[in-house]
Each structure stands twice: as structure tokens, then as C-alpha cells.
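Visitor: Please take me through this model, and tell me for each label what makes it apply.

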Amino acid sequence: KRKVDHILFMCLLLLYHFTLLLKYGFLDDRYLTSLEVSKKMGLTRQRIDQLVSSGISKLRSDSLLREYFKDDKEVGESLREVDEKKKNKLVRKKKK
């Protein structure tokens, strides 16, 4: 069962990875619309938008990514802003 869980996890990561590569032109230096990506992958445009959004969120929250960019002031500031927004959102939820 554990092996199946690992395989499913890796497949999901590959799905995010490939979607972002296509969408932002990392494969052929050409940005694609969600519709173009959806046709290539056989998924709906809405699903592509979900994958892009989730993939970017995962990248932003990845501790390895944070470590890699720790000396980059611009990226570091962006990551801190995301952290602050998340913290504020949690505080608002707790107050309700």
C-alpha cells in the first residue's frame, strides 16, 4: 500500500510539473493559454487552471525552494509576504 501511495504522490507531482512547464513555456520558450495546455493534456481548461494554481501554491510553500532562494532578496520578500497573508488569514478565521 505504501508503494502505491508513493507512486500516486509522484504522479500528482508530475502532473503539476508538466502543467507548469507547458503553461509558462519552459519546454519551448512559448507561453500557452490554459485552453492550449488543456488540449495537449486532454483535460478541461478549468482543471488546468486548478493545477496551475495548486502547483504554484506548492512551490511557494516548499521549504527546499525557500532554502534555495534564501539569499535572493526579491524572492525572499515575496515569500515573506505570502507567509504574512497566510498568517493574517488564519488569525481572521480564529476570530470568527
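This is a predicted model: local features need pLDDT of at least 70, side-chain atom pairs count only at pLDDT 80 or more; totals for chains, interfaces and linings use all residues.

Visitor: What does L22 touch, not counting residues up to four places away in sequence?
Guide: L22 touches L27, R30, L32, V37, K40 and M41. They are called contacts because contact means heavy atoms within 4.5 Å.

Visitor: Which residues make up the largest nonpolar core?
Guide: L22 belongs to it, together with Y16, L20, L32, V37, M41, I48, L51 and V52, nine residues in all. The elements giving two or more residues to this core are α1 (2-23), α2 (34-41) and α3 (45-61).

Visitor: Why is this called a nonpolar core?
Guide: The term requires buried Ala, Val, Leu, Ile, Met, Phe, Trp, Tyr or Cys residues joined through side-chain atoms within 4.5 Å. In soluble globular proteins, nonpolar side chains tend to be buried together.

Visitor: What makes T19 buried?
Guide: Its relative accessible area is 0%. Buried means under 20%, exposed over 50%, and partly exposed in between, with a 1.4 Å probe and protein chains only, so T19 is buried. T19 is found in helix α1, and beyond four places in sequence it touches V37, M41, I48, L51 and V52.

Visitor: What share of the 96 residues do buried residues make up?
Guide: They make up 20%.

Visitor: How many helices and strands are there in the protein?
Guide: There are five helices and zero strands, and along the sequence the pattern reads α-α-α-α-α.

Visitor: How do you know that the buried residues of α2 are on the same side?
Guide: The buried residues there are S34, V37, S38 and M41. They cover an arc of only 100° around the axis, which puts them on the same side of α2; the arc is that of the directions from the helix axis to the C-beta atoms. The face turned away from the buried side carries the exposed residues K39 and K40. G42 follows α2 and has a positive phi, near 75°.

Visitor: What makes R30 and E36 a salt bridge?
Guide: Their closest N and O atoms are 2.9 Å apart. A salt bridge needs a side-chain nitrogen of Lys or Arg within 4 Å of a carboxyl oxygen of Asp or Glu, so the R30 and E36 pair meets the criterion. R30 is partly exposed at 41% relative accessible area, and E36 is partly exposed at 28%.

Visitor: How many salt bridges does a search of the whole structure find?
Guide: Two. R45 and D49 also meet in a salt bridge, at 2.9 Å from N to O. Because R45 and D49 are four residues apart in helix α3, about one helical turn separates them. R45 is partly exposed at 38%, as is D49 at 32%.

Visitor: Why is S53 called partly exposed?
Guide: S53 has 44% relative accessibility, so it counts as partly exposed. S53 lies in helix α3; S53 and L20 are 33 residues apart in sequence and 9.4 Å apart in space, C-alpha to C-alpha.

Visitor: Is K58 buried or partly exposed?
Guide: K58 is partly exposed, with a relative accessible area of 41%.

Visitor: Which residues form a nonpolar patch on the surface?
Guide: Y24, F26 and Y31 form it, with about 390 Å² of accessible area together. A patch takes residues with over 30% relative accessible area and no salt bridge, joining like charges within 9 Å and nonpolar side chains (Val, Leu, Ile, Met, Phe, Trp, Tyr) within 5 Å. Y24, in the loop between α1 and α2, is partly exposed at 31%.

Visitor: What does the accessible surface of the protein come to?
Guide: It comes to about 8,200 Å², of which 57% belongs to carbon and sulfur atoms. Accessible areas come from the Shrake-Rupley method with a 1.4 Å probe, and for residues only the protein chains shown count as cover.

How values were computed: Residues are numbered from 1 along each chain as its sequence is written. Side-chain values use heavy atoms; hydrogens and water are left out.
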